[in-house]
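Subject: Structure for your review

Hello,

Here is the structure I said I would pass on.

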Amino acid sequence: MSNYVSLSVRVFWSSAVLAKRALFSWLNPALWMMQLFFMSIFQIAFFVYVVKFAGGSTEADIAYVAIGNAISSVAYTAIFSVCNITGEEKQQGTLVEVLVTPANRFAMFVGRAMFQVFNGIATVFIALFYAWAVFGVDFSNTNWPALIAVIFIMTMAMVCLGLLLSSVGLYLRTSMIIANIFLFVGLLFSGVNFPVSKLPEVIQPFAYVFPLTYGTDAARAAVDGSSILQIGDLLMDMVISGGLALIVGFMIFKWFENLSRKKGTMDKF
Amino acid sequence: MPRIRAVTSSFRHQFLQFVAEPQWLIPNVILPFMITMVALIMFSGQQGNFVLYAVLGGGMMSMWGNTLYSSGWSIGSDRFNGTLEQILVTPSKLVWIIAGRSVWNALVGILNGVLIFVIAVSVYDADLTIRDPMLFFIAFFVTLLSLSMLGMLFCSAFVLTRQASVLTNGLEYPIYVGTGTMFPIAILPWWTNPLSLSLGPTWGIDAIRYAALDNYDGFSTGYWGDVGIMLALSFFYLAVAFVLFGVVEKKVRVDGSFVRY
């Protein structure tokens, strides 16, 4: 048993390390820094100017949109990068080699996404810095332990959602399409730019499938001074939605892996 | 004549690739679609031309998204498929081959723009009465031309990098902000205005608004002034793209770095 656990931990760690190395052998560090520092500021700027043009020039309106978009910037790493993990393996012709190993699938599945947790947390903190420094959002009442907890739990939950999408990508010819759709879906459904209550009633339950919806609400509450206990329900909702996404994602991954073994279509591209 | 043949052949090739995998339309159109829907909800309850403003902006964004992704992938897909060397060793210059692709991509851009209009009308029951349809279509096509030429300019730079997809993702929002697709650039900080005005699509969206909106108070140049400046900028982009393609083509031949992936 202990041997099984230590092997799984080793697979998890080597997958995490390999994912980080692969990112930097593939992506120029300067470009990675550009992604980290510049993607979010333009997204926040765009929606802040839209809300200003729409007549919402009060500090509260701008803070609502700036914080929402800062939090949603996690999608670039947690959704887009994680979702493309299986697609990239397929594209590079390494999927078969990875899946013929006897390594623990769950450890490998989760390990590959771990670097994006740190990447996502850094992205959100940088975006929140812009919200304060460029767009004048007031953080003086912020309950920092609560905000840090929100960012950490939300990023983990979003990475789990990314893994769910990535497992679907195992079946598809390319995961890029699904990654692009879910990268931006939060802008509309997750209360990033307006409250979920403004969506048509039929769609509103769908919004609460995404951890980001709870994340944006919880982050705004933390910035307004709510403590961890006060936003405990939202944190728990994020844990549940992320956990469910991980479990369902892994089941789908195993299902498609078995299917592709039976049909001999593992790297059909 | 051989140049025209190269352009038409690469146009046909790009069309066939699109028909083989039309799913690639989705990444180009998804962000503009989401943003338009968000803007329509944010603008709801406002008096005036806000709906049309949002839809025109969305159409413009989808055309830009298509241009950007297509120019980014124009070289990237050849590099990935291992067909880039064959293209380079043909007697036709790379720029003519890219030009043919850009023309097809511009046509797909129209499809994207129309898609946004159709969704706005069918889902949001938006009133999209255009003040002067003829002027609107002139501005629309000239803007498309401008976007296409800007795409060629970017494409020349994308020849040098295997990471064009990262750059294309990073260039979407800056252009949406800089060109004022969803709001007038007057509300941006003053120091950003020179940059905005150096972009053809900024003048394009202003001309489109002049043609579409009643009592629109845009740039002092007026509709025809906007179109003229946009055309001048577009041909400037094209000239620079030609020079850059020449420089880049020579560089990658000397370095032997063309298909480095």
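The notes below cover the interface and then the aromatic pairs.

Please keep in mind that this is a predicted model.

Interface between the chains

On the chain A side, 37 residues are in contact with 40 residues of chain B. The two chains bury about 3600 Å² between them, and 80% of that is on carbon and sulfur atoms. Within chain A, the residues that lose the most area to chain B are Phe46(A), Tyr49(A) and Phe53(A), which together account for 21% of what that side buries. I find zero salt bridges between chain A and chain B, and zero residue pairs in polar contact with both residues at pLDDT 80 or more.

Four helices of chain A each supply at least two residues of the side that touches chain B: H1 (2–26), H2 (29–53), H4 (75–92) and H9 (176–189). H2(A) gives the most, with 13 residues. By class, this side of chain A has 27 nonpolar, eight polar and two charged residues.

Aromatic residues

One aromatic cluster is formed by Phe46(A), Phe47(A), Tyr49(A), Tyr173(B), Tyr176(B) and Phe183(B). Over all chains there are 31 aromatic pairs. Among them is Phe189(A) with Phe206(A), edge-to-face at 5.1 Å centre to centre and 90 degrees between the planes. Phe189(A) lies in helix H9 and Phe206(A) in helix H10 (residues 204–207) of chain A, so this pair ties together parts 17 residues apart in sequence. Phe189(A) is buried, at 12% relative accessible area, whereas Phe206(A) is partly exposed at 39%.

Regards

Conventions: Residues numbered from 1 in each chain as written. Chains lettered and ligands numbered in written order. Predicted model: local features only at pLDDT ≥ 70, side-chain atom pairs only at ≥ 80, totals over all residues. Heavy atoms only, no water. Contact = heavy atoms within 4.5 Å. Buried area = accessible area lost by both parts, 1.4 Å probe. Salt bridge = Lys/Arg side-chain N within 4 Å of Asp/Glu carboxyl O. Polar contact = N/O pair within 3.5 Å; in protein donor to acceptor, adjacent residues only side chain to side chain. Nonpolar A, V, L, I, M, F, W, Y, C, P; charged D, E, K, R; others polar. Phe/Tyr/Trp six-rings, centres within 6.5 Å; stacked < 30°, edge-to-face > 60°. Buried < 20%, exposed > 50% of the residue type's maximum accessible area, 1.4 Å probe, protein only.
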